Every structure is written in structure tokens, then in C-alpha cells.
Amino acid sequence: MADRYLHFTGTAPGRFLTRRLGLPQPAPLRRWSPGTPSLDGPLLHLTAGESATTKELGALLAETGLDVTGQADRPAAIVLDATAVTTAGALGEVHAALHPVVRSLAPGGRIVVVGVRPSAGDHHQAAAQQALEGFVRSLGKEIGKGATVQLLRIEPESVASAGSTLRFLLSPRSAYISGQVIELTDAAPGPVADWTAPLAGRTALVTGAARGIGASVASVLARDGARVVCLDIPQAADELTRTADRLGATALPLDITAADAAERIAAAVPQGLDVLVHNAGITRDRRLANMPADRWASVIDVNLDSVLRTTDALLSSGTVNRDGRIIATASIAGIAGNNGQTNYAASKAGIIGLVRSLAPRAAADHGVTVNAVAPGFIETKMTAAVPLFIREAGRRMNSLSQGGLPVDVAETTAWFAQPASSAVNGQIVRVCGQSLLGA
Ligand SMILES: NC(=O)c1ccc[n+]([C@@H]2O[C@H](COP(=O)([O-])OP(=O)(O)OC[C@H]3O[C@@H](n4cnc5c(N)ncnc54)[C@H](O)[C@@H]3O)[C@@H](O)[C@H]2O)c1
């Protein structure tokens, strides 16, 4: 269902009327396509105070091929190195750096504040670095014009680990992500021979890939060079085959809740799996008082239990290759809760628990990262079926005043999937336009 309001506010009378009425002003968001530049202008690299990482960060930004500068009238992006902000007083440096330039940021611009993890042993440092989170979340809400603001926490000793993440955040691939805090580990990035095909030679399996977000994930992984296996229920076999054929992928009709699902996946990928995307999901909404046990159980089984079972089996059988990536699908409903979705929200919150607990062990034992996307309101058949009033609320109740597209979730998945994203582990990244629901 097309977003007619977004279209209307793009016309002169629509803009005039909606401004007069004080209604939301969604800006059209640019998505990335091969051959187009990541940024439509220079990248302003600023530092709050004296930072030991500035030189290395500058070199890393220069490697991206972006036009990095210390001064720009109309920057398309701003990276502020705030790693040296260790006291409340030093927060003034953040204001001093961004206050003069924030208004000049181009429409659809990107701001990335680079910080470090709040320290357990130094409460002044912890206060200052945690302050950046409130700062970024507020700036994301006020900046407007389709611009986004994120906080990226790096390990100062491993600046190079941030390369794939900076490329993602400083591009239209992250168009529908704002107000997020992403924390990197010190894991060294895997090699990238060609940034235009970062998944070349990798094998990926996407569950629920016949349609919707899963089909888009499969498409973006294939675009980035991966050999893709598309899995969906046998009842969706025709749609699945069409999607797989279109992408030059392999179709695997299989119910992910089947007892032998993991063995059948392993048999379909004799070369092993480099990227496992748990995207299949269902809703069976009812308030708890009206919810029969079967509606509860089916949602928990598809959205959570099958993810736990297949992940365990594919990791322990060695089907997930070393340096592999496991990417699960949460939801902002799993963070904020939702009326009529106790089963769904429980399953999606369970995914968050799984990711946070397994990530460090999977990295230590198997060299595998485990992350999740948490989509907000994404324009799919599922959300087109939502009643008009709730649909409109879902679309507008975020900093970008519009719904996201399946490709926004797919681009996030593709960033997690990259060999160069080894330092991205245990992260729950919301693809929700900074929804007002949840943190
Ligand atoms: N659309 C949104 O706004 C939104 C928001 C938050 C989270 N999500 C999550 O994103 C994922 C994809 O959502 P979507 O909107 O594309 O949904 P969708 O219903 O369009 O697609 C889901 C796919 O999963 C498949 N599937 C369901 N049960 C399966 C099973 N047992 N085995 C294998 N495949 C199965 C379906 O056949 C379907 O093709 C889901 O996990 C969903 O919960 C979506």
C-alpha cells in the first residue's frame, strides 16, 4: 500500500497545507543502488578535544573513498570523534564541534558520533560517554530532513574494526536507521577484496525468503556476491521458486519448525554456511485473555524455538563455517511490547536474549558473530493488512515520519554479513526510523 501522505507532502500544496497544520514532514529517503555515490557531498571529520584516535579514524575514513574534509559549507555527513570525552566538562567540546555546523548538514545527511564503551571503573568517564547516548537520541529526533544520527562505540585500540560499519552508516544503506547505539568489539576485520561484492564466495541461507523482507534480504545478499539459498514453507513453493529463480538462488522448500530442518539445511549446503539469516516469522495476534494455546505455541515455535534449535544444530555440526554470521530477526514489539502481541513480543524479546547470550560464546568457540535486526514499521504485505488508522500511526510515529522498506532491513543484514564486520557482535540494531516505541 503506497504511502500517499509522503507523496502529498512532496507536492507544493501538500507541503504548504501540512506545515500550516503542524503535521509531520517526512522527507523522501534515498536508498543505495550500485554505481551511485554513498554521499552526495563532503564528509566533515571533527574531533571533540584531543583524541588519540583522530589520525587513525581519519585514515580509515579516507580509505572509504569519501571526500573527507575538516571544513565544509554543506557537508553530507559529519563524523565527530568523541572518544576523548571523559568528563562532564568535556561534553562542552561536543557542543562546540556540532553546534556551528549542524544546521548546514545537507538533507538526508548522516551524523556519526564515535565514542567508547562507558567504563565500569571510572564513573566520570561512564557519565560522559553515556551522555552521548542521550545526545544522539535527541539530535536524531530534532534534526529532520531525512537526516540520521548514530552513536558508534569503538575499541580505541582497534579503530580499523570500524571500517564496514562506518561505510554502512555513512551511506543510504542505513537510510531508515537513526538514534542507534552500536558497540564494536576489538575483533580484527576479515579481508575485503572488493567492497562492491563483499560477500563474494560466501554461501547464505535466508529463511522466509519467498516474499517480503526475506525476499529482499536474499536479493541484497545476492547483489553483494553471495550464493543464496532461499528457504520457505512448502505451501509457498511457487512463490519461493519465482523469487529464487529471479536471483539465481536455490530454493529450499522446508518448514523451519520441522524436526529434521537443520539436517536438511546442512544437506543443502555441502560447502557449509557463511551466513545464516533467521527471517521467517509469523503473527497470531490476540489479547492474552482470548489467546488459545495453539496461537501462542505456533508463534513461539516459528519465531524463537526453531531459531534456537537450528542455530544450535548448525553450529555444533560445523555447518556454519568459521568466520560465519548468524543474523536473527527481532522486532520493536519485542522491545516495547504491543497490544494483542504477548506471544509475538515474547518470541522477539527471546531473540534478543538469544543474541546477547550466544554472541560472545559463538565468537570464542566458532569465530561466528550473532546479531539481530529489530524492524519497526516496514512496508510489506503484513503491514498493508493493518487497519488504516493503526497503519498511519505506525508510519508517522518515528523521527523520519514514514515506514521503512524491506530493503532497509536487507541492507542492515548485509552489513552484519560482511567478513569485515567481525567486530559487530551481539548487537540488536533497530531499523525503525527511531520509532517512538521502546528505547
Ligand atoms: N513487516 C514488518 O513491519 C516487521 C516488523 C518487525 C519484524 N518483522 C519480522 O520480519 C520478518 C519478516 O517479516 P515480513 O513482513 O517479511 O513477513 P511475511 O509474512 O511477508 O514473510 C514471512 C515469510 O516467512 C515464511 N514462513 C512463515 N513460517 C515459516 C516456517 N515455519 N518455515 C519457513 N518459512 C516460514 C512465510 O511463508 C513468509 O514467506 C518476520 O520475522 C517478522 O516478524 C517484520
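Of the 439 residues of the chain, 54% are buried, where buried means under 20% relative accessible area, exposed over 50%, and partly exposed in between (1.4 Å probe, protein chains only). The model is predicted: local features need pLDDT of at least 70, side-chain atom pairs count only at pLDDT 80 or more, and totals for chains, interfaces and linings use all residues. Residues are numbered from 1 along each chain as its sequence is written, and side-chain values use heavy atoms, with hydrogens and water left out.

The chain holds 15 helices and 13 strands. These are DSSP runs, numbered from the N terminus (helices: H or I, at least four residues; strands: E, at least two). The radius of gyration is 21 Å, close to the 22 Å of the globule rule for 439 residues, so the chain is as compact as a globular protein of that length. This radius is taken over C-alpha atoms, and the rule is 2.2 Å times the number of residues to the power 0.38. Along the principal axes, the C-alpha atoms fill a box of roughly 60 × 50 × 45 Å.

Contacts (heavy atoms within 4.5 Å) were then examined. Among those with a separation of 6 or more, 75% join residues 24 or more positions apart. The chain exposes about 18,400 Å², and carbon and sulfur atoms supply 56% of this area. Accessible areas come from the Shrake-Rupley method with a 1.4 Å probe; for residues, only the protein chains shown count as cover. The chain has 39 positive and 37 negative charges, and their mean positions are 9 Å apart. Lys and Arg count as positive and Asp and Glu as negative, while His and the chain ends are not counted. Each charge is placed at NZ of Lys, CZ of Arg, CG of Asp or CD of Glu.

Helix 2 spans residues 12–20, and Thr11 caps its N-terminal end. A side-chain oxygen of Thr11 lies 3.2 Å from the backbone nitrogen of Gly14. Just after helix 2, Gly22 takes a positive phi of about 70°.

Ser347 lies in helix 12 (residues 342–366). Its relative accessibility is 0%, so Ser347 counts as buried. A polar atom of its side chain lies 2.6 Å from the backbone oxygen of Tyr344. Not counting residues up to four places away in sequence, Ser347 touches Val299, Ile300, Asn303 and Leu304.

Ala62 is placed in helix 3 (residues 54–63). With 46% relative accessibility, Ala62 counts as partly exposed. Ala62 and Leu43 are 19 residues apart in sequence, and their C-alpha atoms are 9.8 Å apart in space.

Ile154 lies in the loop between strand 5 (148–153) and helix 6 (163–169). Its relative accessible area is 4%, so Ile154 is buried. Leaving aside neighbours within four places in sequence, Ile154 is in contact with Thr83, Val114, Gly115, Val116, Arg117, Val159, Ala162 and Leu184. Ile154 and Thr83 are 71 residues apart along the chain, yet their C-alpha atoms are separated by 8.3 Å.

Positive phi values also occur at residues other than glycine. Asp323 has a phi of about 65°. Asp323 is found in strand 11 (residues 320–329) and is partly exposed, at 26% relative accessibility. Gln434 has a positive phi of about 60° and is not a glycine. Gln434 is found in the segment after strand 13 (428–431). With a relative accessible area of 5%, Gln434 is buried.

Methods. A polar contact is a pair of N or O atoms within 3.5 Å; within protein, one must be able to donate a hydrogen and the other to accept it, and residues adjacent in sequence count only if both atoms are side-chain atoms.
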